[in-house]
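Here are my notes on the model, as numbered points. Please read them alongside the coordinates.

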Amino acid sequence: MKFLEFEAKNILKAYGVPVPKGILVKSIQELEDALPSLPEKIVLKAQVDVGGRGKAGGIIITDKERALKDITDLFSRSIKGRSVNSVLVEEALEIKKEYYCSIIVDRKEKSPVIIFTDEGGVEIEVTAQKNPHALRKARITPLLQNVPDFILRSLLRGAQKEIGPVINALFRVFVEKDAILAEINPLVLTESGIYAADAKLIIDDNSLARQGITVNRDLTERERTALIHGFSYVELKGSIGVIGNGAGLTMATLDLIEYSGEKAANFLDVGGGADQERVAHALRLVASDPSVKVVVVNLLGGITRCDEVAKGIIAANVAPHIIVRLAGTNEKEGKIILESQGYEMVSTMEEAIQRACQVVK
Ligand code: GDP
Ligand code: MN
């Protein structure tokens with residue numbers, strides 16, 4: 001789950017990282033009330049959970065006089081499709097130099113890796129491509145309490161030594177918060193020292209409970225409902241709804257859709273032994289996504305019985321066109337039930353997807 005900048009900064013602050021003075025406002029009025037206590041030069045930062053807000057118009061460097069007009073504008077903007085509900089108002093920093101520091105999981109090495117560069121100020125992806133040697137990396141075991149000095153020295157080389165404790169704190173945040181990403185970009189040098197000017201923190205969804213988080217904000221309403229029912233359900237960007245049983249069959253269905261030049265709107269794995277009621281739930285959930293134009297139901301009957309599936313499909317009674325491919329246990333019975341109700345049946349997965357693509361077009 002992603003934390004917003006102000007949340008990530010509050011955590012960093014608690015771990016001893018200097019962050020700019022700031023307040024969170026949720027309305028123009030709140031900024032107006034706070035204005036007297038603010039410094040002359042301020043930055044307005046839209047709190048939306050996407051990167052590259054600066055380029056997308058989500059960061060405004062301004063002053064007290066123009067602030068109310070600017071924040072009115074900011075609240076009315078949409079930043080990469082996200083509406084702005086809160087704005088972090090901070091003292092503007094006089095930036096002398098920008099650094100980049102992040103910690104991610106190196107999946108191949110099964111280890112956290114710290115990435116640092118003193119060539120900040122450019123997008124990190126650009127630096128990684130054009131000047132990969134500028135990125136200094138160090139893998140480190142999460143069993144350590146601190147980043148050893150020799151690792152800090154190898155990361156920093158000539159850079160400000162005050163950055164050492166910041167990297168150390170970021171590492172502790174990464175480990176203790178069960179993060180999969182902890183990033184300070186930019187980490188800036190000013191006349192009065194080093195500050196985290198921006199912060200990003202994503203924690204592993206598998207440790208939400210351990211972190212005391214009961215609701216994963218990043219899930220849509222439908223994804224939450226699916227979780228309650230025990231379905232594996234993920235929303236994507238296309239227009240074909242997919243229901244399969246088993247991860248392998250479901251992924252193969254998605255691959256074939258992609259290969260055919262279309263995109264899935266979502267996919268749901270009903271798992272093994274789904275009965276009528278479960279199938280109906282699954283289909284209603286998938287079909288309730290407004291981007292779904294057609295649903296492909298691709299199920300293999302093993303412990304799942306095709307006649308149960310057929311009854312579930314009929315019981316769901318959803319609006320989008322459904323293309324059904326059933327094979328295995330009680331296949332014949334299932335087909336008879338569905339065909340008698342006018343449902344479109346195909347006998348292979350390839351056919352199902354070919355038809356779905358035609359319907360979408
Ligand atoms: P992002 O685009 O979502 O990563 O948002 P950032 O918080 O990183 O802001 C984008 C850029 O705005 C930074 O890389 C800085 O160059 C600049 N910026 C952010 N805060 C300040 C500030 O207080 N003073 C100045 N001068 N520039 C800032
Ligand atoms: Mn940033």
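1. Axes here are lines fitted to C-alpha atoms, for helices over the stretch in contact, and angles run from 0 to 180 degrees between N-to-C directions. Helices (H or I, at least four residues) and strands (E, at least two) are DSSP runs, numbered from the N terminus. On that basis, the axes of α9 and helix α10 (residues 306-316) come within 7 Å and cross at roughly 45 degrees.

2. This is a predicted model, in which local features need pLDDT of at least 70 and side-chain atom pairs count only at pLDDT 80 or more, while totals for chains, interfaces and linings use all residues. Residues are numbered from 1 along each chain as its sequence is written, chains are lettered from A and ligands numbered from 1 in the order in which they are written, and side-chain values use heavy atoms, with hydrogens and water left out.

3. The chain has three parts: domain 1 (21-91), domain 2 (95-207) and domain 3 (221-360). The bounds come from an automatic or database domain assignment. The centres of domain 1 and domain 3, taken over C-alpha atoms, are 44 Å apart.

4. α9 and α10 are therefore oblique to each other (under 35 degrees counts as roughly parallel, over 145 as roughly antiparallel, 65 to 115 as roughly perpendicular, and the rest as oblique). Gln276, Val279, Ala280, Leu283 and Arg284 of α9 meet Glu308, Val309, Lys311, Gly312, Ile313, Ala315 and Ala316 of α10, contact meaning heavy atoms within 4.5 Å. By class, the contact of α9 with α10 holds seven nonpolar, two polar and three charged residues (Ala, Val, Leu, Ile, Met, Phe, Trp, Tyr, Cys and Pro count as nonpolar, Asp, Glu, Lys and Arg as charged, and the others, Gly among them, as polar).

5. α9 (residues 276-287) also pairs with helix α7 (residues 221-229): their axes come within 11 Å and cross at roughly 170 degrees. That makes α7 roughly antiparallel to α9. Arg222, Thr225, Ala226 and His229 of α7 make the contact with Arg278, His281 and Leu285 of α9.

6. Four strands form an open sheet in the order β2-β7-β3-β4, with antiparallel pairing (two strands pair if DSSP finds at least two bridges between them). β2 (22-25) and β4 (59-63) are the edge strands. The twist from one strand to the next averages 25 degrees.

7. Within the sheet, five bridges join β3 (residues 41-46) to β7 (residues 87-91). Ile42 stands opposite Glu91 in β7. Helix α1 (residues 5-14) packs on the sheet and touches β2, β3 and β7.
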